Amino acid sequence: ELRHAKGAAALLAQACVLGLHDHVPKVCGTLAAVVAADAQFETVAAAAGALGLLWESREPLEARGIEELPLLLKAAYERAIYLGRGLRGAHGDGREVVAGLSRLRELLASESGSHLDEALYWALIDELATGNDLAFVRGAAAGLAYGAGRLSESALGSAVDGHLNGLIAPREAVSFLRGLLQTAREAAWQQPVLLSVLDRLLGSWDDADFVANLPELRLAFAEMTPKE
C-alpha cells in the first residue's frame, strides 16, 4: 500500500521505464489519490519534482498514457504549497523542508514547471523567511529569494544582521547562516555585510561559545570549495 506521494510517483516512473504502459492509467489514478491524502510537505514536493522530470523524459521513454501528467503535476505542486503554508512551527531539523523547497524551485525553473503559478511558491518563501520557528529554514528561504533576485542585497544584509548581531542565541545565528549558504552560496563572497557581521559575531564569543558552535559552523561551510 502506498502511503506517500513520493513512492507513488516513483511507481509511475518505474512503470514508464519498464514499458508497462497498460498499467499507467491505473497508477496515475492511484497517484492522484495519494497526493490528495498525503500530509507531508517533503514527500509531496519530491513527488512534484519527480513528475516534472518524468514529463520532460516522456519522449525518450516512449511513455504512453500519461497525457494527464501535467494535471497531476499541477495538483502535486499546489498540494505541496498548501502543506508548506502550514510549516510555521518547528519541523524536525529543517533539512527535509529545505530539500523540498529547493526541489520546487528546480521544478519552476524547468520546462515542465513553466505552466505552474510561481507566485504561490514565492509567497510561501516570503512566509517561511520570516515566520518559521527554525533559523535554518528562515536562512534557506532568504537564500532562495536572494538567488532568484527577489531579495535585494540590502534586504539580505538586514536579515543577516538581524540574525547574527547577538540578539539571538549563537546556535540560532549560525543555523540561519547555514541555511542561507545552502541555498545561496554566492552570498558568502557577494555580501561584504555577511562577512563583517559574522566577524563581529565570532569576535564576541569566548572560547566556550566557539567550541559549542563549532559543529554548526562546520556544517555551514562544509560544502564550499577550498577557493570559496
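Predicted model: local features only at pLDDT ≥ 70, side-chain atom pairs only at ≥ 80, totals over all residues.
A few ground rules: local features need pLDDT of at least 70, side-chain atom pairs count only at pLDDT 80 or more, and totals for chains, interfaces and linings use all residues. Residues are numbered from 1 along each chain as its sequence is written, and side-chain values use heavy atoms, with hydrogens and water left out.

**View 1. The largest nonpolar core has 47 residues.** A nonpolar core here is a set of buried Ala, Val, Leu, Ile, Met, Phe, Trp, Tyr and Cys residues joined through side-chain atoms within 4.5 Å. Leu12, Phe41, Leu51, Leu101, Leu104 and Tyr121 touch the most other members. At least two core residues each come from α1 (5-17), α2 (24-37), α3 (41-56), α5 (69-84), α6, α7 (118-131) and α8 (135-147). The largest share, eight residues, belongs to α5. Helices are DSSP runs (H or I, at least four residues), numbered from the N terminus.

**View 2. Helix α3 is mostly covered.** Of its 16 residues, 12 are buried, where buried means under 20% relative accessible area, exposed over 50% and partly exposed in between (1.4 Å probe, protein chains only). Among the buried ones are Phe41, Glu42, Thr43 and Leu54.

**View 3. Val97 sits in helix α6 (residues 95-109).** With a relative accessibility of 3%, Val97 counts as buried. Phe136 lies 39 residues away from Val97 in sequence, yet their C-alpha atoms are 9.9 Å apart in space.

**View 4. Helix α12 (residues 192-204) carries Leu202, one member of a nonpolar surface patch.** The 13 residues of α12 reach 19 Å from first C-alpha to last, close to the 18 Å expected. Its buried residues are Leu194, Val197, Leu198 and Leu201. They cover an arc of only 100 degrees around the axis, so they lie on the same side of α12; the arc is that of the directions from the helix axis to the C-beta atoms. Over on the other side, Pro192, Asp199 and Gly203 are exposed. Leu202 is partly exposed, at 34% relative accessible area. Together with Phe210, Val211 and Leu214, Leu202 forms the patch, with about 330 Å² of accessible area in total. Patch residues have over 30% relative accessible area and no salt bridge, and nonpolar side chains are joined within 5 Å. Helix α13 (residues 207-221) gives the largest share of the patch, three residues.

Notes
Patch = residues over 30% accessible without salt bridge, like charges linked within 9 Å, V, L, I, M, F, W, Y side chains within 5 Å. Areas by Shrake-Rupley, 256 points an atom, 1.4 Å probe, with all protein chains shown as cover. Salt bridge = Lys/Arg side-chain N within 4 Å of Asp/Glu carboxyl O. Expected span 1.5 Å × (residues − 1).
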